[in-house]
Each structure stands twice: as C-alpha cells, then as structure tokens.
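Here is a short report on one protein chain. Read it with the model in view.

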Amino acid sequence: MSETLQFILHYGGHFLAPFLVARLFCGEKWGPAALIMLATNAIDLDHLMASPVFDPDRCSVGFHLLHGWEAALAFTVLLLIPRWWVRAIGLGALWHLAVDFGDCAMHGF
C-alpha cells in the first residue's frame with residue numbers, strides 16, 4: 001500500500017471518521033459526541049513517555065500505556081455507563097485503537 005494512501009486512511013480515521021461513527025451511533029447528540037471523540041485522540045500523549053517518541057517501525061497498539069489491552073478494557077467499560085458523553089469517550093478511544101491497529105496491520109506488524 002502506498003504511503004500516501006496509508007497516511008490518508010490513518011489520519012482520516014482519526015480526524016474525519018469520528019463524525020461518521022458519531023452520526024451512526026450517537027443519535028441526536030452526534031455533533032457534540034463527534035467532538036468528544038476527536039478529543040480522545042489525546043490518548044496519543046502516552047507516546048511522549050516512549051523513547052523515541054515516534055518510531056515508524058513500532059506498532060503503538062500494545063506498546064504504549066493507553067494503547068494496551070487494559071486501556072481497551074477500561075474504554076469498553078465506559079460504553080456501559082448510561083451517560084452519552086461517557087459513552088462517546090469510550091467509543092472514541094476504542095475507535096482510535098481500531099485505527100491504530102489497522103495502521104499496524106498495514107505495516108505488517
């Protein structure tokens with residue numbers, strides 16, 4: 001796969017797709033939910049604890065603290081809480097992990 005297409009899929013998945021996901025799953029609150037889902041990209045701050053901070057040959061899923069199975073489990077639990085904004089946080093974080101996992105798969109990790 002070309003690097004350009006992979007770049008478009010990765011960053012489109014992080015910054016455009018949350019609007020579609022929110023529209024599909026969040027009903028009337030889809031606009032604010034999409035913005036919350038965009039904010040969940042802040043889980044990438046865990047990259048700052050790694051050395052080097054960015055490594056193109058490293059899969060973030062399973063490596064960084066907020067990209068591991070424990071974090072995914074916590075994000076899944078958020079889906080069970082009956083507040084739309086808490087569910088939007090969980091959905092956004094899980095979507096973020098799914099996009100990163102797809103990127104890892106495209107790299108062959």
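The lining of the largest pocket divides into nine nonpolar, eight polar and six charged residues. Here Ala, Val, Leu, Ile, Met, Phe, Trp, Tyr, Cys and Pro count as nonpolar, Asp, Glu, Lys and Arg as charged, and the others, Gly among them, as polar. The model is predicted: local features need pLDDT of at least 70, side-chain atom pairs count only at pLDDT 80 or more, and totals for chains, interfaces and linings use all residues. Residues are numbered from 1 along each chain as its sequence is written, and side-chain values use heavy atoms, with hydrogens and water left out.

**The pocket**

Which residues lie nearest the centre of the largest pocket? They are His10, Tyr11, Phe54, Asp103 and His107, from a lining of 23 residues. Helix H1 (3-15) and helix H5 (84-107) are the elements that give two or more residues to this lining. H1 provides the largest share, seven residues. The volume of the pocket is about 550 Å³.

How is a pocket defined? On a 1 Å grid over the protein atoms alone, a pocket is an open set of points where a 1.4 Å probe fits, with protein on both sides within 12 Å along at least five of seven lines. Lining residues have an atom within 4 Å of a point. Grid points are joined across faces, edges and corners, and the volume is the space filled by probe spheres set on the points.

**The whole chain**

The chain has five helices and zero strands. From the N terminus on, its elements run α-α-α-α-α. Helices (H or I, at least four residues) and strands (E, at least two) are DSSP runs, numbered from the N terminus.

The C-alpha atoms fill a box of roughly 40 × 30 × 20 Å along the principal axes.

Of the 109 residues, 36% count as buried. Buried means under 20% relative accessible area, exposed over 50%, and partly exposed in between (1.4 Å probe, protein chains only). Among contacts in the chain with a separation of 6 or more, 53% join residues 24 or more positions apart. Contact means heavy atoms within 4.5 Å.

The table leaves aside contacts with neighbours within four places in sequence.

| Residue | Helix | Relative accessible area | Contacts |
|---|---|---|---|
| His14 | H1 | 3% | Leu38, Asn41, His96, Val99 and Asp100 |
| Leu38 | H3 | 21% | His14, Phe15, Pro18 and Phe19 |
| Gly90 | H5 | 0% | Phe75, Leu78 and Leu79 |

His14 counts as buried. Gly90 counts as buried too. Leu38 is partly exposed.

Leu38 and His96 are 58 residues apart in sequence, and their C-alpha atoms are 9.1 Å apart in space. Gly90 and Phe15 are 75 residues apart in sequence and 16 Å apart in space, C-alpha to C-alpha.

**A cis peptide bond**

Most peptide bonds are trans. The bond from Ser51 to Pro52 is cis, with omega near 0°. Where is Pro52 found? Pro52 is in the loop between helix H3 (30-39) and helix H4 (69-78).
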